[in-house]
Amino acid sequence: MSTKWTSVFLLIQLSCYIISGSCGKVLVWPTEFSHWMNMKTILEELVQRGHEVTVLASSASILFDPNSPSTLKLEVYPVSLTKTEFEDIFMQLVKRWADLPKDTFWSYFSQVQEIMWTFNDIIRKFCKDAISNKKLMKKLQESKFDVVLADAIIPCGELLAELFNIPFVYSLRFSAGYTIEKHSGGFLFPPSYVPVVMSELSDQMTFMERVKNMIYVVYFQFWFQIFNMKKWDQFYSEVLRRPTTLSETMGKADIWLIRNSWDFQFPHPLLPNVAFVGGLHCKPAKPLPKEMEEFVQSSGQNGVVVFSLGSMFSNMTEERANVIASALAKIPQKVLWRFDGNKPHTLGLNTRLYKWIPQNDLLGHPKTRAFITHGGSNGIYEAIYHGIPVVGIPLLADQPDNIAHMKAKGAAIRLDFNTMSSTDLLNALKTVINDPLYKENAIKLSRIYHDQPVKPLDRAVFWIEFVMRHKGAKHLRVAAHDLTWFQYHSLDVIGFLLACVATVIFIITKCCMFCFLKFARTGKKGKRD
């Protein structure tokens, strides 16, 4: 190693000791697609601060290429599926979810649960492959990691932490119905004013909306399960060689990094081991590629519209593509459309198609007037960060809820992908661009987001380093995790108090009856005399 790079390495190490107290080792159980984008941002910042980060990736992982240069250490373990097979299965499940009819509440969510269970069966197999790999486990054990970072949507990270007896931190956007947060995290979501995730309600609910919200609460509490709990519970019990559950193991998390922020999320109670870090991936816009910048500048005073339905959505039907293209052709703005498919025959001269666009840089460009999006959380936070109003076309998962939140904040209009007409899209675009209220509300959200004492990324890194420094954060963990469900709801106390009241009433009643009977006998005796 050259003297130059040795000096740089030593400087990083020294700065790590000065800033955070010590350089630590982080083991990561990763996720795919947009979830990975957020996690990768945290990991790269940890590396910048001198920490050693090891990502445990399966050989079927879609996002990782062991041959590409990276500041992250990749520990690849073999699994039965190939990358192509795993990606095909994943995309089939995504398409199946996007195509689900929402006519019937019960039918929709039962199919969503089935999709989640199918995916989790694969994840459980990957977890088994990692845990049963003795060579890998020995190597990880000997590495003496300080903390595990995992996404709560993908189990196994908490199992590794339990096996290695080290603390762990969760990264999470949210789970369907807040099921993970409630059952494993002990979070509080009063249904009277906190709308259930995927209900698409706001916190300003009418009476009938509160009824609907309560139905959602009951459904997600007793019927809907993100994971096939019986299989996971059995697997964890076998590995740990003692009776346990997935929920119990997840409940041992030291810190929950929730990818949300109060400008976007409706207020609700938080526990002390929960930190909001929404939008941690957001950053100032960089210059656009020359050709793209020239196209943007050619829009003049009208500006541009940015259009993307995300990386997981392709294969748009010809009919839908032409409906969208014909609407875009009628606006005075130039349009940059992320699109992978055959060119629509109704495409206007003002619209250019790209297989990939620098979305954040475009949203941060001064000529951008609106953002047409599927409502993925990363894109929504980039729109908030740069103060851009939104036309939302949600497809699946958290996207309808994200657009519902933006709509409630007055910064978005929602359309249905399958039923919207060209006129609907045209009118929505004209409204968010020409009605100043949408831009004002988007700017307001942006101001609130930027007005924070600590940046979300710094907050996330601080708590991970905090856990490493103190070997956990059990002092922030509520005692609710140590109670049974009837103790948590004070049913034993209520039962005891009711028994006491019943006993007192019984004794008083018996005393009154005794006195009454005695008085009655005394009265009769007196009359005879």
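Predicted model: local features only at pLDDT ≥ 70, side-chain atom pairs only at ≥ 80, totals over all residues.
User: How much accessible area does the nonpolar surface patch have together?
Analyst: Its members are W106, F207, M208, V211, M214, I215, V218, F222 and W223. Areas come from the Shrake-Rupley method with a 1.4 Å probe, and for residues only the protein chains shown count as cover. Together these residues come to about 970 Å².

User: Is M208 buried or exposed?
Analyst: M208 sits in helix α8. The scale is simple: buried is under 20% relative accessible area, exposed is over 50%, and partly exposed is in between (1.4 Å probe, protein chains only). M208 has 56% relative accessibility, so it counts as exposed.

User: Which cysteines form a disulfide?
Analyst: A disulfide here is a pair of cysteine sulfur atoms within 2.5 Å. Searching the whole structure turns up one. The sulfurs of that pair are 2.0 Å apart, and the partners are C127 and C156.

User: What is the handedness of the link between C127 and C156, right-handed or left-handed?
Analyst: C127 is in helix α4 (residues 105–131) and C156 in the loop between β4 (147–151) and α6 (157–164), so the link spans distant parts of the chain, 29 residues apart. Both C127 and C156 are buried. The angle about the S-S bond is 75°, and the link is right-handed.

User: How far away is the nearest cysteine sulfur to C512?
Analyst: C512 is partly exposed, with 47% relative accessible area. C512 is in no disulfide, and the nearest cysteine sulfur belongs to C515, at 6.6 Å.

User: How far apart in the chain are E465 and R49, which form a salt bridge?
Analyst: A salt bridge is a side-chain nitrogen of Lys or Arg within 4 Å of a carboxyl oxygen of Asp or Glu, and for E465 and R49 the closest N and O atoms are 3.8 Å apart. E465 is buried at 4% relative accessibility, and R49 is buried too at 18%. E465 lies in helix α18 (residues 456–470) and R49 in the loop between α2 (33–48) and β2 (52–58), a separation of 416 residues.

User: How close are the N and O atoms of R124 and D121?
Analyst: R124 and D121 both lie in helix α4, three residues apart, about one turn of the helix. R124 is buried at 7% relative accessibility, whereas D121 is partly exposed at 23%. Their closest N and O atoms are apart by 2.7 Å.

User: What volume does the second largest pocket have?
Analyst: On a 1 Å grid over the protein atoms alone, a pocket is an open set of points with protein on both sides within 12 Å along at least five of seven lines, a cavity is a set where a 1.4 Å probe fits but cannot get out, and lining residues have an atom within 4 Å of a point. The lining holds 38 residues, with K182, H183, S184, Q221 and S247 nearest the centre, and α8 gives the most, with five. Grid points are joined across faces, edges and corners, and a volume is the space filled by probe spheres set on the points. For this pocket, that's about 1,200 Å³.

User: What volume does the largest cavity have?
Analyst: The structure holds three cavities of 30 Å³ or more. Residues lining the largest cavity include R173, F174, Y178, E181 and H268. Its volume is about 60 Å³.

Terms used
Residues numbered from 1 in each chain as written. Heavy atoms only, no water. Patch = residues over 30% accessible without salt bridge, like charges linked within 9 Å, V, L, I, M, F, W, Y side chains within 5 Å. Helix = DSSP H or I, 4+ residues; strand = E, 2+ residues; numbered from the N terminus.
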